[in-house]
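Here is a short briefing for a first look. Keep the sequence and the structure side by side as you read.

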Amino acid sequence: MMLKLEAVNKIFNKNTPDEHKALNNLCLNVSQGEFVTIIGGNGAGKSTMFNAISGSALCDNGIIELDGMDITYMPEYRRASFIGRIFQDPMRGTAPNLTVGENLIIAYMRSTGRNIMRMPSKQEKNLIRERLSALNLGLEDRINTKIGLLSGGQRQAVTLIMATLVKPKLLLLDEHTAALDPLSAKSVMDLTNRIISENNITTLMITHNITSALAYGSRTIMMDSGNIAVDIEGNERKGLSVQDILKKFSAVKNKVFADDNALL
Ligand SMILES: Nc1ncnc2c1ncn2[C@@H]1O[C@H](COP(=O)(O)OP(=O)(O)O)[C@@H](O)[C@H]1O
Ligand SMILES: [Mg+2]
């Protein structure tokens, strides 16, 4: 298993009237190379699960293992060298006043576990140029442009390269196309799919779009109340329509799947 969550719990505002169980005995096993898409209503616990896996907010108890390592309480900066995470906001995770090239070099050094800044080698510069030109977005000609000047879609494309320059053990995508216009969203999604399959990267992708959740990846999980309600892959998943999966959810949870954004 590349990723293993065993009975992971996270309670917010414990022992107050606002107490809320965001992760409720969550268990999940993901094999090397699996591309899992994740859907679920607002507040289902999707981002909290990503926070626990990436270390940006630790869980209360349970075990999280990555490639055989217990990372449950490992500091975030140490996990960052083998876990890539991309957020909805294209501004997040990049330094807007640094150039595209500088952002990529910093990401490269972070994922190789080096935290001492130094001048990039010729080889490293070439690697970055190659990855950028493979996108076919002309970004290789904008290496010296401040990244804050790129469009949202272009920035998410660069962020994807940043997260995969050195192959991560795990890639976490948290609605990374939701803030983009439909055309850019489609282009970033296709790019994402290409990078993941070419490099066989183990990936979890949260999306509000149930159609893309079923179109991309090899397995789909529906979360509800801090747990997994539906988990489908293989033949069962092939040819499944949005209506079919919503029906499955209702059959298990005895309620209608509610997501304000799901129908957009
Ligand atoms: N820092 C926090 N403090 C208190 N409650 C939180 C915090 N983060 C998340 N929650 C609550 O935990 C639940 C799950 O949130 P989240 O994981 O962000 O859901 P999702 O990403 O599925 O929409 C929600 O009810 C949310 O209000
Ligand atoms: Mg969320």
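Predicted model: local features only at pLDDT ≥ 70, side-chain atom pairs only at ≥ 80, totals over all residues.

Residues are numbered from 1 along each chain as its sequence is written, chains are lettered from A and ligands numbered from 1 in the order in which they are written, and side-chain values use heavy atoms, with hydrogens and water left out.

**Around ligand 1**

- Phe12, His20, Ala22, Gly41, Asn42, Gly43, Ala44, Gly45, Lys46, Ser47 and Thr48 surround ligand 1. A residue is near a molecule if one of its heavy atoms lies within 4 Å of it.
- This shell holds 3 nonpolar, 7 polar and 1 charged residues. Here Ala, Val, Leu, Ile, Met, Phe, Trp, Tyr, Cys and Pro count as nonpolar, Asp, Glu, Lys and Arg as charged, and the others, Gly among them, as polar.
- β2 (20–30) and α1 (46–54) each supply at least two shell residues. The most come from α1, with 3 residues. Helices (H or I, at least four residues) and strands (E, at least two) are DSSP runs, numbered from the N terminus.
- Polar contacts are pairs of N or O atoms within 3.5 Å; within protein, one must be able to donate a hydrogen and the other to accept it, and residues adjacent in sequence count only if both atoms are side-chain atoms.
- A side-chain N or O atom of serine 47 lies 2.9 Å from an oxygen atom of ligand 1. For a polar side-chain atom of histidine 20, the distance to a ligand 1 oxygen is 3.1 Å. A polar backbone atom of alanine 44 is 3.2 Å from an oxygen of ligand 1.
- On its own, ligand 1 has 560 Å² of accessible area, and the protein covers 60% of this. Accessible areas come from the Shrake-Rupley method with a 1.4 Å probe; for residues, only the protein chains shown count as cover.

**Helix α1**

- α1 is largely enclosed by the rest of the structure, because 7 of its 9 residues are buried. Buried means under 20% relative accessible area, exposed over 50%, and partly exposed in between (1.4 Å probe, protein chains only).
- The buried residues of α1 are Lys46, Thr48, Met49, Phe50, Ala52, Ile53 and Ser54.

**Cysteines**

- The whole structure has 0 disulfides. A disulfide is a pair of cysteine sulfur atoms within 2.5 Å.
- The closest cysteine sulfur to that of cysteine 27 is in cysteine 59, 12 Å away, so the two are too far apart for a bond.
- Cysteine 27 is partly exposed at 45% relative accessibility, whereas cysteine 59 is buried at 5%.

- Glutamine 156 sits in helix α5. Its relative accessibility is 1%, so glutamine 156 counts as buried.
- Beyond neighbours within four places in sequence, glutamine 156 is in contact (heavy atoms within 4.5 Å) with Ile86, Phe87, Gln88, Pro90, His176, Leu180 and Val188.
- Leucine 137 lies in the loop between α4 (122–134) and α5 (152–164). Leucine 137 is partly exposed at 36%.
- With neighbours within four places in sequence left aside, leucine 137 is in contact with Ala157 and Leu191.

**Threonine 211**

- Threonine 211 belongs to helix α7 (residues 210–215). At 52% relative accessibility, threonine 211 is exposed.
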